[in-house]
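Please work through the following exercises with the sequence and the model at hand. Each task is followed by a stepwise solution.

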Amino acid sequence: MSEVEPTVDLDPQTEPAAVDGGKEAPKPLPPRKKRRVKAYCWNYFTKYLDDNNLTRAKCNYCDAHFAAESKRNGTASLNSHIE
């Protein structure tokens, strides 16, 4: 009698096949959802780099300047300025 080798379907659109003693192969990750790029307050401010190469924001209406580093400062001060 000839022995038949088990086959594994590698198509990511199908259900995972049993591999290695009944363990399931990992499913492929779904594509990431696109995130909203800008906060609402950026409709009222313009980003620019200052002399020290830091990101700053300038109010389009009263020319006030704020720190705008995305990791350090966030947008809370920009939102409170709008209000």
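**Exercise 1: Backbone in the loops**

Asp63 lies in the loop between E4 and E5. The model is predicted: local features need pLDDT of at least 70, side-chain atom pairs count only at pLDDT 80 or more, and totals for chains, interfaces and linings use all residues. Residues are numbered from 1 along each chain as its sequence is written, and side-chain values use heavy atoms, without hydrogens and water.

Solution. Step 3: Most residues other than glycine have a negative phi. Step 4: Asn53 is exposed at 56% relative accessible area, whereas Asp63 is partly exposed at 45% (buried is under 20%, exposed over 50%, partly exposed in between; 1.4 Å probe, protein chains only).

**Exercise 2: Sheet**

Task: Determine the strand order of the open sheet.

Solution. Step 1: The 3 strands, DSSP runs of E with at least two residues, follow the order E3-E4-E5 with antiparallel pairing; pairing requires at least two bridges by DSSP. Step 2: E3 (45-49) and E5 (65-67) are the edge strands. Step 3: E4 (residues 55-59) is joined to E5 by 3 bridges, and Arg56 has Ala67 in E5 as its bridge partner.

**Exercise 3: Contacts**

Task: Which residues does Trp42 touch, leaving out those up to four places away in sequence?

Solution. With contact meaning heavy atoms within 4.5 Å, Trp42 touches Lys47, Ala57, Ala68, Thr75 and Leu78.

How values were computed:
Helices (H or I, at least four residues) and strands (E, at least two) are DSSP runs, numbered from the N terminus.
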